[in-house]
Amino acid sequence: MNKELLDKVKHKKEAYREWKQGQVTCQEHRKIVQAASQQVRKAKALIELNLARDIEGNKKCFLRCVGDKQKTKENMGPP
């Protein structure tokens with residue numbers, strides 16, 4: 001995560017706090033949240049794309065990323 005993205009996430013948290021106190025409207029808060037989420041999604045996609053491109057030189061990181069995505073959680077419902 002770069003500094004710009006960290007600042008967006010921090011601004012998102014501050015906007016939520018201000019919204020709860022009534023200093024920011026719901027529409028303004030929603031706009032800030034959507035902008036931050038969009039930027040996080042783009043950064044994540046870029047990281048995954050770079051991992052896929054560099055698979056020949058960095059197999060271990062790529063396989064760890066793939067393994068993390070394949071893990072599933074079992075439901076903890078009643079027996």
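V24 touches E18, W19 and H29, residues up to four places away in sequence being left out; contact means heavy atoms within 4.5 Å. V24 sits in the loop between α1 (3-21) and α2. V24 is buried, at a relative accessible area of 13%. Here buried means under 20% relative accessible area, exposed means over 50%, and partly exposed lies in between (1.4 Å probe, protein chains only). The model is predicted: local features need pLDDT of at least 70, side-chain atom pairs count only at pLDDT 80 or more, and totals for chains, interfaces and linings use all residues. Residues are numbered from 1 along each chain as its sequence is written, and side-chain values use heavy atoms, with hydrogens and water left out.

H29 belongs to helix α2 (residues 26-53). H29 is buried, with a relative accessible area of 8%. Its contacts are A15, Y16, W19 and V24, again without residues up to four places away in sequence.

The chain has three helices and zero strands. Helices (H or I, at least four residues) and strands (E, at least two) are DSSP runs, numbered from the N terminus. Along the sequence the pattern reads α-α-α. The chain is more spread out than a compact globule, because its radius of gyration is 18 Å, well over the 12 Å that the globule rule gives for 79 residues. The radius is taken over C-alpha atoms, and the rule is 2.2 Å times the number of residues to the power 0.38. Along the principal axes, the C-alpha atoms fill a box of roughly 50 × 45 × 15 Å.

Two C-alpha separations were computed. V24 and Q70 are 46 residues apart along the chain, and their C-alpha atoms are separated by 40 Å. V66 and M76 are 10 residues apart in sequence and 25 Å apart in space, C-alpha to C-alpha. V66 lies in helix α3 (residues 59-70). V66 counts as partly exposed, at 30% relative accessibility.

Buried residues make up 9% of the 79 residues in the chain. The chain exposes about 7,200 Å², and carbon and sulfur atoms supply 54% of this area. Accessible areas come from the Shrake-Rupley method with a 1.4 Å probe; for residues, only the protein chains shown count as cover. The chain carries 19 positive and 10 negative charges, whose mean positions are 2 Å apart. Lys and Arg count as positive and Asp and Glu as negative, while His and the chain ends are not counted. Each charge is placed at NZ of Lys, CZ of Arg, CG of Asp or CD of Glu.

A search of the whole structure finds zero disulfides, a disulfide being a pair of cysteine sulfur atoms within 2.5 Å. The closest cysteine sulfur to that of C61 is in C65, 9.2 Å away, so it is too far for a bond. C61 is partly exposed, with a relative accessible area of 25%. C26 also counts as partly exposed, at 42% relative accessibility.
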